[in-house]
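Hi,

Here is the structure I promised to pass on.

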Number of protein chains: 2
Amino acid sequence: MLSVEQTPPVLQQLESFRGIVGDAHVYVDPEVLSAYASDETEDLHYLPDVVLKPRTPDEISRILRICNEHRIPVTPRGAGTGLSGGALPHLGGVLLSLERMNSILHIDERNLQVTTEPGVITEVLQNAVREKGLFYPPDPSSRGSCMIGGNIAENSGGPKAVKYGVVKDYVLNLEVVLASGEIIWTGANVLKNATGYNLTQLVVGSEGTLGIVTKVVLKLLPHPQLDLLMLVPFRSAEKACEAVSAIFRAGYTPSALEFMERDALEWVMRFVDNSIVPIEDDVVAHLLIEVDGNDMDVLLKDMEGIAAIVQDYDCSDILFADDAQQKEQLWKLRRRVGEAVKSNSVYKEEDTVVPRAELPRLLKGVKDIGNKYGFHSVCYGHAGDGNLHVNIIKGDLSDEAWNGSLKEGIREIFILVKELGGTISGEHGIGLVQKEYLPLVFDDVQLRLMRQIKQIFDPKGILNAGKIFDSETL
Amino acid sequence: MLSVEQTPPVLQQLESFRGIVGDAHVYVDPEVLSAYASDETEDLHYLPDVVLKPRTPDEISRILRICNEHRIPVTPRGAGTGLSGGALPHLGGVLLSLERMNSILHIDERNLQVTTEPGVITEVLQNAVREKGLFYPPDPSSRGSCMIGGNIAENSGGPKAVKYGVVKDYVLNLEVVLASGEIIWTGANVLKNATGYNLTQLVVGSEGTLGIVTKVVLKLLPHPQLDLLMLVPFRSAEKACEAVSAIFRAGYTPSALEFMERDALEWVMRFVDNSIVPIEDDVVAHLLIEVDGNDMDVLLKDMEGIAAIVQDYDCSDILFADDAQQKEQLWKLRRRVGEAVKSNSVYKEEDTVVPRAELPRLLKGVKDIGNKYGFHSVCYGHAGDGNLHVNIIKGDLSDEAWNGSLKEGIREIFILVKELGGTISGEHGIGLVQKEYLPLVFDDVQLRLMRQIKQIFDPKGILNAGKIFDSETL
């Protein structure tokens, strides 16, 4: 057994942690640690020293005071569905799971707001407010398992973002525990706010590096009553992308406008054992297009208008979803594309985003770069937002190329993204795996400001250390 | 003549300033200084030492380098239409007018974006994009004279915010000159962004204290083609406020939902010499309600639905605007209420905001507090957002009460606002005149974070020093 001197600082604090959260919620057994060693990012694993599952902001405050004093790294984690390694405890230390903070505290039907804890699963929250006729639009593909807290950390999007916006557009106010253990609210529960700096929007998308979000006040909308869905096959992927911006230029705002390359659709159909969509030989990509609202005549007119536009871009026969079941089937395919790709091969996912009309150039560029570096990519994503997920498939690529020259290819993709007016993550965050590319889009001044902000909130750098930027302290 | 030793630092730099912006754009004559001594806030006047009118980010960068070196206060100014004293040069120094930076640089019809300089008048921008069928919704009442840069500084709202959101919801990316003279972009021209901290949203609403915005990239929407407008008179102001949240609870999202007390409407009708609205004796407040969209049947149905709801709240005969001219007349009345109140008496305007359903309690509380402290208030505002402008009228109040005990009354209003879950400014900002009330809504920890952020961006505190918080350096 290690003497006290040799025991890592974090393990010296186990008794204190047990005193705070209770014995049952402090885990050091290897099996549990291993279950918290990965998120959904590539094939990465890092064991934490201890997993803590607090139940209250006060418990988190007391944990952070200890960790701050002893410079123990703290990695916050929701459901671990992230795709940039944000929840990976790569420095060991405390893995702080928010999963027990899973109560929806108050659905305020008078004000169209909900106050929730961060450990609530996104779909659970959506269904709970849906029962009151209300709508929380942000819906990452992982909505059945991801948590609101993680969505806030990454400023998540999802298919509805194109019409309804992303997480940041719904967050009114946050309760946050700072590294010091101090607890603040970032704003007020109001729709308009011109009172001091916008701390709320600074925390949204900060990937757990500025504080631990313990309560969330979200804006809700009346739930749209109707929607229509169609799947449009194209004989040219670039033409499919061109059709996207034509739809918006014509004045339509679909509630979803998703792009899938042929591989993506074929793989996911195999993956879910569900071949509802016959694909003609010359089809190379699809758009999945939804409109929603409260008047069927208007929706039908919108769908007709959009169908007329896509005809100009060399599309094949459009599949209009007949009923709720077929809509659900199509959406299931779209939502599970990521899993299907993952099950197919080792892969790396790049979360590129550009101004919408630049999508065709982005897609062409990705393929050209793939040819140059010898990799195959499967692309899909939220075309209406200009957000293209580029999945680079290991396939037959040598380990050498995979771990070596591929990085240059990724770098070229991101340089292209920047040239097109875009940036390197639309909704997955920078986390651990993208931080080396951050200097491609931010110069020293921007990075200095961000690092200094980090230092204000977390002077010793204990919170999700080494995410977004390399760790500076600890 | 003063010797060099006696000359204030700012006046020692006049030659340098002339070298940067040209002789013609450096002003020290008292008449010009006086024209820049006030904004639209109360009856406040502070003379700057010099007015500079740069034309480029590079000129601003060079000006700020000098001011930073010599600790010269710099007050940025758009059109000077602000209501919290943000553009008042209360410490003298440089008044930096952005009025010459008034070009719309690029209307990107492919991506539904516009890139503009900050000195463009809001309505000019709106009309320019309207010609392309596009829509920039944020429309402060002063839109005919206020500038985009000022709108960003204050995170302005306006009537359309209830459906379309405020300025922050449209800003994608900003070019900002820091106090050091360094020039950054805050983000990227994309609809979704999970790449580092959200510097864009930190600058929006920061009231010119973090940097000088020199280019602005805004998201645009397709312009709605149709709208309908009605004016609903109520026999109880609280019932009018109750009707507001009932409309939203029923699933309607009007494109404007404005509240006006009887005094406000009567005063503005006198002010614009326009008595299109006969007001029955027992009517004490009005709601102005607009719906917009692209389908007249839907709009008519919405209007009918809303009209049915307001009947339950003791309203009198609804006036439906007949045509474009009558709509414009009604909107003119609403937009000029502020001017009418101002012309009527010395006044102080409080920009309260609460969760929408708390409006009736806020209004009742404001009147009770008025009775207690002996002041009359005229209230109007963006009821759909819970944003109520409380205009406290000096009227017969003694100077002693006006400058003394009234502050206690305002303090009580803000305490009530806080109790109701709201905050002290919805769209006017804190500026100079509200900063003493900021500790009512933020504790020491929140204020410390904000002050530290200020220090990162502007270590010597030269930029709009003494706004939002008391000046700490210089």
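How many salt bridges are there between chain B and chain A? The count is 10, where a salt bridge is a side-chain nitrogen of Lys or Arg within 4 Å of a carboxyl oxygen of Asp or Glu. One to look up is the pair Asp295(A) and Lys301(B), with N to O at 3.0 Å.

Before going on, some ground rules. This is a predicted model, so local features need pLDDT of at least 70 and side-chain atom pairs count only at pLDDT 80 or more, while totals for chains, interfaces and linings use all residues. Residues are numbered from 1 along each chain as its sequence is written, chains are lettered from A in the order in which they are written, and side-chain values use heavy atoms, with hydrogens and water left out.

Now back to the interface. There, 80 residues of chain B are in contact with 80 residues of chain A (contact means heavy atoms within 4.5 Å). Together the chains bury about 6,300 Å², 60% of it on carbon and sulfur atoms; buried area is the accessible area (1.4 Å probe) that two parts lose on being put together, summed over both. On the chain B side, Lys192(B), Thr195(B) and Tyr197(B) lose the most area to chain A, together 16% of what that side buries.

The interface also has 32 residue pairs in polar contact, both residues at pLDDT 80 or more. That term stands for a pair of N or O atoms within 3.5 Å; within protein, one must be able to donate a hydrogen and the other to accept it, and residues adjacent in sequence count only if both atoms are side-chain atoms. Among the elements giving two or more residues to the chain B side are strand 9 (183–185), helix 11 (296–311) and helix 17 (444–457) of chain B. Helix 17 of chain B has the largest share, 10 residues. Helices (H or I, at least four residues) and strands (E, at least two) are DSSP runs, numbered from the N terminus.

How do the copies relate? Chain B can be laid on chain A with an RMSD of 0.0 Å by a turn of 180° and a shift of 0.0 Å along the axis, using least squares on the C-alpha atoms of residues with pLDDT of at least 70 in both. The two copies are therefore related as by a two-fold rotation axis.

Best wishes
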